[in-house]
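Work through these exercises with the model open beside you. Try each task before reading its solution.

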Amino acid sequence: MQFQHKDLLGLKELTREEILFILNHAEKMKYILMQNSKKTPHLQGKSIVTLFYENSTRTRMSFELASKYMSASAANISANGSSVAKGETLIDTARTLDRMGTDVIIIRHSASGAPHLVAKNVKASVVNAGDGMNEHPTQALLDMLTIMEHKGKIEGLKVAIVGDIAHSRVVRSNIYGLTKLGAEVAVGGPATLMPPEIEKLGVSAYQSVHEAMIDADVVMGLRIQQERQKSGLIPSLREYHRFFGVDEQRMKFAKPDAILLHPGPVNRGIELTSGVLGLEKSLVEEQVTNGVAVRMAVLNLLTRGGRCSENFD
């Protein structure tokens, strides 16, 4: 099988087989990541640029490390330090990078659909690193990789995603990916942070966290997006934690062997307590490692015309 897409813009347009193909490739890339010497020639001669219009630490750094581990030339551009601050349009910026011989443009933007617009206007491959409230495909892929490593499968599992559902691009990509792989997805959170008719995406929706978590194999907390809370969607962060935060007591509603995930950064004492983060079932740190492996896999597939390299020595 080959990955037939020029770009990775979201999981909505990928098939079950394509998602599994990326995850299988990511497992091989993680083997490289765990070695003492992480330098491989997979992307030698390739140019990778991260173009971020929003702040990021984990996503940007993992893409940059993934590029460098595979010997690519990597550069990063932030909107504040570029010609964007002088009024240059997104398309003009992307075309400029394209003309410089860039092979992959990784973009994060506050506007939903921005990566799709860029992809239509450049020859380079485009990777969506988060667009508005739409999708964040590589985050969902690393979440699924973590689940598969610890549960051995995704089909038949119940995954509870709780928190700020309305503003999360992570939850959308996870819903698309997890349901295609056969998982039962339940979402839970305040009514003010729950999108209308989200059930049409094939999930069960609850206005309490513990109901969504009942008998869950996987619990995924979401960051409460404080930058979006100026409109009074929740009374206060303290009240949010009291009624919707995940702690050791609420984790008891899930199965005893349930694992805990979070896309990060975690607001301790709001979405998750320090106590629950310290449990053995918390895999938040492992998700960070898997993020590099997934991004290595995506970059390798896009720059090799969708072919999976068999040389992992």
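**Exercise 1. Find the partner of Glu-54 in a salt bridge, and state what the pair ties together.**

Solution. Start from the criterion: a salt bridge needs a side-chain nitrogen of Lys or Arg within 4 Å of a carboxyl oxygen of Asp or Glu. Glu-54 meets it with Arg-169, the closest N and O atoms being 2.9 Å apart. Glu-54 lies in the loop between β1 (47–52) and α2 (58–69), and Arg-169 in helix α6 (residues 169–180), so the pair ties together parts that are 115 residues apart in sequence. Helices (H or I, at least four residues) and strands (E, at least two) are DSSP runs, numbered from the N terminus. Last, check burial: under 20% relative accessible area is buried, over 50% exposed, in between partly exposed (1.4 Å probe, protein chains only). At 13%, Arg-169 counts as buried.

This is a predicted model: local features need pLDDT of at least 70, side-chain atom pairs count only at pLDDT 80 or more, and totals for chains, interfaces and linings use all residues. Residues are numbered from 1 along each chain as its sequence is written, and side-chain values use heavy atoms, with hydrogens and water left out.

**Exercise 2. Locate the salt bridges of Glu-155 and Asp-257.**

Solution. Take Glu-155. Its partner is Arg-16, with the closest N and O atoms 3.8 Å apart. Glu-155 sits in the loop between α5 (137–151) and β5 (158–162), Arg-16 in helix α1 (residues 16–33), so parts 139 residues apart in sequence are tied together. Arg-16 is partly exposed, at 30% relative accessibility.

Now Asp-257. Its side chain meets that of Lys-151 at 3.5 Å, N to O. Asp-257 is in the loop between α9 (248–251) and β9 (259–261) and Lys-151 in helix α5, so this pair links parts 106 residues apart in sequence. At 48%, Asp-257 counts as partly exposed.

Finish with the total. The whole structure has nine salt bridges. Lys-30, Glu-149 and Glu-286 are linked in a network of them.

**Exercise 3. Which residues touch the most other members of the largest nonpolar core?**

Solution. Define the core: buried Ala, Val, Leu, Ile, Met, Phe, Trp, Tyr and Cys residues joined through side-chain atoms within 4.5 Å. The largest has 61 residues; Ile-106, Leu-141, Met-144, Ile-161, Val-187 and Leu-299 touch the most other members. Then find its main source: helix α11 (residues 284–303) gives the largest share, nine residues. Apart from this core lies another, of 23 residues, including Leu-193 and Met-251.
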